[in-house]
Amino acid sequence: MSGRELFCQPRRVRRAAALTLVFAGLLVTGAATGAFPDPGQGDRKPTGGAPRAAVGHEDVTRAAAEAMADGKSPMEAAERAVSRSGDRWAAVYSEGEYQEFEEALDGQYTGVGLWARRERSGRIEVTRVQAGSPAATAGIRKGDRLRSVDGSHVDGRPVTDVVSLLRGDATDARAGTTVTLGLERGTHAWTETLRRALLSTDSVTVRKLSGGITVIKVSAFTRGSGELVRDAVRQAPADAGIVLDLRGNSGGLVGEAVTAASAFLDGGLVATYDVDGVQRALHADPGGDTARPLVALVDGGTMSAAEMLTGALQDRGRAVVLGSRTFGKGSIQMPTRLPDGSVAELTVGHYRTPSGHTVDGRGITPDLEVGTEALERAETVLSGLGDPS
């Protein structure tokens, strides 16, 4: 098991809506950035397939305001109200947590730049150090053993707990705060105090396989990721296929997923969705590459906006989908800022694939079920799809 500071946040994962990791509420953020029109704040009465919540945004805001007036915790009052909504994706986030969501939209996270894994012995080993990060500046290397974080021994602990300590999740630690690491390299043991920094993520990576096949891995749909996918498609060899790897993609901005769809479609429908019962549609831009063979890889960690993209490519016959059934988050949340700066989110609608399939709670079934050998099978499928010319 391995972990990276951006995507492993157990405190958040224990909340229902955070099952999509740092991007749990980011479908809604599209409302503020043009992916979804914002129907405004207030009580939500979703229809057209969205389960009606017994408690709406107005109720949650009122409960928080009354708690504040009584000298009680607005966030705790909001959480109690949300728990009565019957909405499995509803959640309340502290101001610091939601700021991290906003940073994640820009492809950023606060941390020291370490990846780690737990060995069978329980030891925590550094598997990667991000260039230019505080960890890199301090001289920490791949293969170093991480023994403690701020005095807490980490041997035997889940990697997610270790990552949470590195990020300072318990205190909503910001960039500039310090964290002290106990490290070991061979027989040399030492401590290093680092200042957390705002670091950039690599949400889109590109590599080539034998035969010229291009693998485009999208870990999340942060700002600019859709255009990076389009650039990768333009630069791919014209006589070879493409593998779009969406395994473990936790979602993100819907607008970026639509832009990514536009790399492979010549206009047309990407998805339909409803907000408060009003039906709308998302369309790809014209001019995408519709000829080159394409395989999309998915698994149980493919969520939200990544499922929307997968559904569009599958329904429109543009890609062969390989892997395992996707997570099944096809709902839309809207946020409300509470009096103490915390944020409450409730579901207001759902999206559907071009053929009208509902994703929420069902996921997307791949065309071909494969396991760990998914990439090898993708190469085989692409060879069978033939020369795009």
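Trp 89 is buried, at a relative accessible area of 2%, where buried means under 20% relative accessible area, exposed over 50%, and partly exposed in between, with a 1.4 Å probe and protein chains only. The model is predicted: local features need pLDDT of at least 70, side-chain atom pairs count only at pLDDT 80 or more, and totals for chains, interfaces and linings use all residues. Residues are numbered from 1 along each chain as its sequence is written, and side-chain values use heavy atoms, with hydrogens and water left out.

The structure holds 2 aromatic pairs. Rings of Phe, Tyr and Trp (its six-membered ring) pair if their centres lie within 6.5 Å; planes under 30 degrees apart count as stacked, over 60 as edge-to-face and the rest as tilted. The ring centres of Trp 89 and Phe 327 are 6.0 Å apart and the planes stand at 55°, so this pair is tilted. Distant parts of the chain are linked by the pair, 238 residues apart: Trp 89 belongs to the loop between α4 (74-83) and β2 (91-93), and Phe 327 to the loop between β17 (320-323) and β18 (331-337). Phe 327 is partly exposed, with a relative accessible area of 29%.

Tyr 93 and Tyr 98 also form a tilted pair, because their ring centres are 6.2 Å apart and their planes lie at 45°. Tyr 93 is buried at a relative accessible area of 0%, and Tyr 98 counts as buried at 6%.

Charged side chains also meet aromatic rings. A charge sits over a ring if NZ of Lys or CZ of Arg is within 6 Å of the ring centre and within 35 degrees of the ring normal. Lys 329 lies over the face of Trp 89, 5.0 Å from the ring centre, while the charged end of Arg 128 sits over the ring of Trp 115, 4.2 Å from its centre.

Turning to the chain as a whole, its secondary structure comes to 11 helices and 20 strands; these are DSSP runs, with helices being H or I of at least four residues and strands E of at least two, numbered from the N terminus. Buried residues make up 55% of the 389 residues. Of the contacts (heavy atoms within 4.5 Å) between residues at least 6 apart in sequence, 70% join residues at least 24 apart.

The predictor's confidence in each residue is pLDDT, from 0 to 100. Its mean for the chain is 84, and 85% of residues reach 70 or more. Over residues 1-53, pLDDT stays under 50. Where pLDDT is low, the predicted coordinates should not be read in detail.
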